[in-house]
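Let's take a friendly walk through a protein model together. Have a look at the picture, then read on.

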Amino acid sequence: MWFKAHWPVYLVWAGLIYILLRLYISGRMVRFSDRAGDRSLHQGEVLTGGGFLLFVPIAAMMMWYQWYLPAVLVFILTVLGVIDDVRQLSARLRLIVQFLVVIAALWFVGVGFLWWGIFLCVAFVWWINLFNFMDGANGLVGLHALVTLATVLFIPESAQSFKPVVMSIMIALAVYLYFNMGLKRLFMGDSGSLPLAFILGFLALWMMQGQSLNALQVAVMHAVLITDSSLTLVMRLMRGEAITQAHRSHLYQRLIGPEGPHGPVSMVYAAVTGLCCTVAVMMSDLPLTRQWLWFVSVYLVLAVVFFQTRRLGR
């Protein structure tokens, strides 16, 4: 019912995002570009900054639906990402802003700042950064977001109030993926990956507070990105590498290789994420001990895949 009531708005919304992104890639707006480094999966000049034209309208849309504070936080991270795309900000400044944004989000959803709140705060900031790390292949984080948002959308216990917001974000992402995966002419950059990671984390917090999902289910839904990024970081630390330097150690980077196609790997990641989301939804009706069993099993399987493929691309 909620979709039928809003479909004309969704149609206009999709058209608006399409026009903005089309104008951007055609050069009729100020554009942000970057030269891909030796460790990048892209080559030559890369048109970034697509996230700005995606998430400023999304923040405005959230305002329209009266999500005032979340909209402001999305806008702050979008601006932070734009600045970081144009000129490299210090890691310290980025982390300070991210922690302040996350603390505001935790306050908004009603999470107390005891041990659980502190854990969620650190985990949320880590999620924002690992999501940013994984934004290196066409469509990878965009498809992940579409799959997980679709799961949130169709969970029966989800609050009806945020379903139009989630649907609007999914439509904007689908339009962006046309330019990113289809035309291969536009990339999200930090101005997109930071606010998108925040939105996914914020919705997870909201649903945890509403008891639609628990922390184990959220961790399983996002297990593919968490495993790849976290184990990559651990392995690099063990090898004594500087974790702030660019690299090609992620599993998705090794699967794609220097000049391989991005689409198949991104779609495989999305398919595995879809399986993880199915498991997460199924866990709702299970006792806590069996939920823990599924949680451990999912991460164990993904870790085995990660280590069994560690020689790829080396």
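## Aromatic pairs

Rings of Phe, Tyr and Trp (its six-membered ring) count as a pair if their centres lie within 6.5 Å. In this predicted model, the count by that rule comes to 19 aromatic pairs.

One of them joins Tyr18 and Tyr178, with 6.3 Å from centre to centre and 35° between the planes, which makes the pair tilted. Tyr18 belongs to helix H1 (residues 2–25) and Tyr178 to helix H7 (residues 163–182), so this pair ties together parts that are 160 residues apart in sequence. Tyr18 is partly exposed, at 33% relative accessibility, and Tyr178 is partly exposed too, at 39%.

## An edge-to-face pair and a cluster

Now turn to Tyr252 and Tyr269: their ring centres are 6.5 Å apart and their planes meet at 85°, so the pair is edge-to-face. Tyr252 sits in helix H11 (residues 251–256) and Tyr269 in helix H12 (residues 263–282), so parts 17 residues apart in sequence are tied together.

Trp67, Phe108, Phe124, Phe162, Phe198, Phe202 and Trp206 form one aromatic cluster. Elsewhere, Arg254 lies over the face of Phe306, 5.4 Å from the ring centre.

## Two helices to explore

Thr148 is part of helix H6 (residues 140–154) and is buried, with a relative accessible area of 2%. Leaving aside residues up to four places away in sequence, Thr148 touches Leu200, Met221, His222, Thr273 and Cys277.

Among the buried residues of H3 are Pro70, Leu77 and Asp85.

Definitions and conventions:
Residues numbered from 1 in each chain as written. Predicted model: local features only at pLDDT ≥ 70, side-chain atom pairs only at ≥ 80, totals over all residues. Heavy atoms only, no water. Helix = DSSP H or I, 4+ residues; strand = E, 2+ residues; numbered from the N terminus. Buried < 20%, exposed > 50% of the residue type's maximum accessible area, 1.4 Å probe, protein only. Contact = heavy atoms within 4.5 Å. Phe/Tyr/Trp six-rings, centres within 6.5 Å; stacked < 30°, edge-to-face > 60°. Lys NZ or Arg CZ within 6 Å of the ring centre and 35° of its normal.
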